[in-house]
Amino acid sequence: MQELLGRQIVMGQKDWENCNKDCFSGRPAIIVKERIFCQRCGSSQSISETKLPTGEHYCPVCIKYGKIKSSDYLVTSNPKVESPQTRKIHFNWQGKLTIGQSRVANRLLVNFEENRHSLVWAVTGSGKTEMIFFVIKKCLEKGGRVCLTSPRIDVCRELYPRLVEVFKDENILLLYGESEEKYRYSALTICTTHQLLHFYQAFDLVIVDEIDAFPYEGDAVLRFALMQSLKSIGRLLYLTATPPNHLLKEITGEFSIEKLPLRFHQRPLIVPEKIWYENWSSCYKNKHKMKKLLHYLKELLVNNHVLLFCPSIAYLKKLYTKLAPFFLQGELTFVFSEDEERKEKVEKMRQQKYRILLTTTILERGVTFENVSVIVMGANHSVYTKSSLVQIAGRVDRKGEFKSGRVIFFYNQNTKAIRQACQEIKGMNQLAKEWLKNEMSMVPKSSNA
Ligand SMILES: [Zn+2]
């Protein structure tokens, strides 16, 4: 029974009727009124379009998690009534937080104790993960249950070994779409946001890393799943380098916002250079139009390797074909989401085996390369949001000794996203300067949103 605590399973009507109600609670999977309302994914659909020949209704939105009908129940085990047992947690971390990190980590502990939700707005390359170790430990010590979730599978996979190392005695569960591991009860779960659909009032603390990333961003089902997975007394902790404006608005008054403007190495973020490029979108058509790109590449390649961001796969391929003759074989390559060699190419770029890597927005976040500059072809293209531009700029000067990386935004229209991205980067640098000027002697106030 403990095994199913907080886990939500689908049961047919008969099974539910035969179920021991002392041990399990159930609620109808779908509420049928003027429209149907799915209690698993939160979506509402028209009655006529969801009707089955049996007269029942089903939810088409979450069907990929298994079909649920209006006769089904969502069943969870009843929690034990006793208050949670405090535990001793084996905490195995010898690292040292920077002063900025340590202040945010402390704020998170205070927010947790005082039952507040938190949003950590920490610039790219500031080292977010270390800051959450302490609040995870605190929650586990109190007998609580923690979920660390992210919209991105690769983030979950990277977090898992780090958490296993720090919390050596915890039997951490890692769940994602194709993961081999079967569900079991665990006080510390790492999973993709999709997996949250299988939980109901399970967690005392849910930490969402990269809350603004695809596919969570803008997905009402995942948002519903997140809220359902949290206990009514539970706390949320969002981590992001680039909170979208709508999110900041949405959490106003409910979340404490903890900003960390300093990167781990304390150097400022690289401010993008906005370069007008009239013909960027058709530059692959002739040498004359390509001149500007070639000029900047030549300049950057003296000291750097270059990540060249393209707004679409079609554009990337055309540009690659035209650029290739200007370089030696093996000096440049490209990568995109369905590329079978994606992993290998990214790894080779890390080892600085290519001089230029053409990429789509798939490499806008979550990757660290040393010694790179970035060029964004058509920063005004609608594929680039403020957040993605800030993330892309954040690929430069993340670590290592090399400090001369540059960020070039080629554009032919000054969009709101470009303006806001540049403003946000400069704003964070200003804040960082103030923090450093005060030599961190003053505790930066957390601004209640
Ligand atoms: Zn549904």
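Predicted model: local features only at pLDDT ≥ 70, side-chain atom pairs only at ≥ 80, totals over all residues.
Biologist: What makes a space a cavity, and what makes one a pocket?

Modeller: On a 1 Å grid over the protein atoms alone, a 1.4 Å probe fits in a cavity but cannot get out, whereas a pocket is an open set with protein on both sides within 12 Å along at least five of seven lines; a lining residue has an atom within 4 Å of a point. A search of the whole structure finds three cavities of 30 Å³ or more. The largest cavity holds about 110 Å³ of space, and among its 14 lining residues Val123, Thr124, Leu269, Val390 and Ile425 are the closest to its centre. A volume is the space filled by probe spheres set on grid points joined across faces, edges and corners.

Biologist: How is the lining of the largest cavity divided by class?

Modeller: That lining has ten nonpolar, two polar and two charged residues. Ala, Val, Leu, Ile, Met, Phe, Trp, Tyr, Cys and Pro count as nonpolar, Asp, Glu, Lys and Arg as charged, and the others, Gly among them, as polar.

Biologist: Into which domains is the protein divided?

Modeller: The domains are domain 1 (2–77), domain 2 (99–260) and domain 3 (273–436), with bounds from an automatic or database domain assignment. The C-alpha centres of domain 1 and domain 3 lie 47 Å apart. Domain 2 and domain 3 each give at least three residues to the lining of the largest cavity.

Biologist: How much space lies in the largest pocket?

Modeller: About 1200 Å³ lies there. Of its 38 lining residues, Arg152, Asp154, Arg342, Ile362 and Arg365 are the closest to its centre. Two or more lining residues come from each of helix 4 (153–166), helix 6 (245–250), helix 9 (342–350) and helix 10, and helix 9 has the largest share, five residues. By class, this lining divides into twelve nonpolar, 13 polar and 13 charged residues. Domain 2 and domain 3 each contribute at least three residues to the lining of the largest pocket.

Biologist: What is the volume of the second largest pocket?

Modeller: Its volume is about 930 Å³, and of its 32 lining residues the closest to the centre are Leu5, Pro79, Pro84, Gly143 and Lys231. Strand 2 (24–28), strand 6 (73–77) and strand 12 (230–240) each supply at least two lining residues. Here domain 1 and domain 2 each give at least three.

Biologist: Why are helix 7 and helix 8 called roughly perpendicular to each other?

Modeller: The axes of helix 7 (residues 287–301) and helix 8 (residues 313–323) come within 12 Å and cross at roughly 70 degrees. Angles under 35 degrees count as roughly parallel, over 145 as roughly antiparallel, 65 to 115 as roughly perpendicular and the rest as oblique; the pair is therefore roughly perpendicular.

Biologist: Which residues in helix 7 meet helix 8?

Modeller: Met290, Leu293, Leu294 and Leu297 meet Leu319, Lys322 and Leu323 in helix 8, contact meaning heavy atoms within 4.5 Å. The classes are six nonpolar, no polar and one charged.

Biologist: What makes the peptide bond from Phe214 to Pro215 cis?

Modeller: Omega is near 0 degrees. Pro215 is placed in the loop between strand 11 (203–209) and helix 5 (220–229).

Key: Residues numbered from 1 in each chain as written. Heavy atoms only, no water. Axes fitted to C-alpha atoms, helices over the stretch in contact; angles between N-to-C directions. Helix = DSSP H or I, 4+ residues; strand = E, 2+ residues; numbered from the N terminus.
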